[in-house]
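Me: I have a structure open and would like to go through some of its residues. Can you put it up here and keep the terms simple?

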Amino acid sequence: GTDGTVECYDLATEMLLAIWQAPVGLRALTCVGDDLFSAGDSGVVARTSTQGSGAFTSFGDAAMPVTAMTSDGSALMLGSASGIISRMELSTQSISASFQAGSDVTALGMNLSQLLVANEAGTIRRVDPIDGTVFDSHDVGSSVRALALTDGVQPGITYCYGFQCPCGNDDPLAGCVNSTGRGARLALAGTSRVSTDDLALFVTGAPANS
């Protein structure tokens, strides 16, 4: 709730397990392992352990009101009503990158190593979580306020990470670091069934026009 109340339920029994108090003005929640992160109107990102008492402590400052949040495992992706998305690194607790993603951000999610960005108009965009490059968009026909993703099976296995690269330019999340300052990565969406004809390949982190 916007009053900062967070309720934790058991998915199997639907039983209320705990009630925690996050900072007021709460607009977004996301979990990374056992850590629960909250953010909202003040721009302050707070953290608590889902295995502890539920007491929130300050984690970082987004320097903008936060309307949506998700994580790619190494960073928090924070969206705002002005359409700005900032990347807050979990290791440093600071903003490492920001980009514009339309006019407003009402919901965020991660899928196939790419960021899903929804807005009030009902448009969901698939973008690069580093620089905001738009890969595709879909209009769902109504306002989107939240995103939840099921555990789907990817039609391939990601491999060939930047490990022991010849120039020492390792990237543990992609290929060897190139001129963009990070490694390129190939992701897939769809299925491997020929009759379905829905397999799509996405390349991120590569230099322009290459």
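Reply: One term to begin with: a polar contact is a pair of N or O atoms within 3.5 Å; within protein, one must be able to donate a hydrogen and the other to accept it, and residues adjacent in sequence count only if both atoms are side-chain atoms. This is a predicted model, where local features need pLDDT of at least 70, side-chain atom pairs count only at pLDDT 80 or more, and totals for chains, interfaces and linings use all residues. Numbering starts from 1 along each chain as its sequence is written, and side-chain values use heavy atoms, without hydrogens or water.

Me: OK. Which side chain does the side chain of Glu89 make a polar contact with?

Reply: That of Arg87, at 2.9 Å.

Me: And which strand is Glu89 in?

Reply: Strand β9, which covers residues 84-89. Strands here are DSSP runs of E, at least two residues long, numbered from the N terminus.

Me: Is Glu89 buried or exposed?

Reply: Glu89 counts as buried because its relative accessibility is 17%. Buried means under 20% relative accessible area, exposed over 50%, and partly exposed in between (1.4 Å probe, protein chains only).

Me: What does Glu89 touch, not counting residues up to four places away in sequence?

Reply: Phe59, Ser74, Ala75, Ser94 and Ser96. Touching, or contact, means heavy atoms within 4.5 Å.

Me: Phe59 then. What does Phe59 touch, with the sequence neighbours left out in that way?

Reply: Leaving out residues up to four places away, Phe59 touches Phe37, Val45, Ala46, Arg47, Leu76, Met88, Glu89, Leu90 and Gln93.

Me: How many residues does the largest nonpolar core have, and which have the most contacts inside it?

Reply: The largest core has 13 residues, and those with the most contacts inside it are Phe37, Val45, Phe59, Met69, Leu76, Leu78 and Met88. A nonpolar core is a set of buried Ala, Val, Leu, Ile, Met, Phe, Trp, Tyr and Cys residues joined through side-chain atoms within 4.5 Å.

Me: Which elements give two or more residues to this core?

Reply: Strands β4 and β8, the latter spanning 75-79.

Me: What about the phi of Ala63?

Reply: Ala63 also has a positive phi near 60°, and Ala63 is not a glycine. This residue is in the loop between β6 (57-61) and β7 (68-71).

Me: Is Ala63 buried or exposed?

Reply: Ala63 is exposed, because its relative accessible area is 69%.

Me: Now Gln114. Where does it lie, and is Gln114 buried or exposed?

Reply: Gln114 lies in strand β12, residues 114-118. Gln114 is buried, because its relative accessible area is 1%.

Me: Which side chain does the Gln114 side chain make a polar contact with?

Reply: The side chain of Arg126, at 3.5 Å. Apart from neighbours within four places in sequence, Gln114 is in contact with Gly109, Arg126, Val127, Pro129, Phe135, Ala187, Phe202 and Thr204.

Me: Last one, Cys176. Where is Cys176?

Reply: In the loop between β14 (134-139) and β15 (185-189). Cys176 counts as partly exposed because its relative accessibility is 35%.

Me: What separates the C-alpha atoms of Cys176 and Phe135?

Reply: A distance of 22 Å, and the two residues are 41 residues apart along the chain. Phe135 is one of the contacts of Gln114. Cys176 touches Gly162, Cys165, Pro166, Asn169, Arg182, Gly183 and Ala184, not counting residues up to four places away in sequence.

Definitions and conventions
Helix = DSSP H or I, 4+ residues; strand = E, 2+ residues; numbered from the N terminus.
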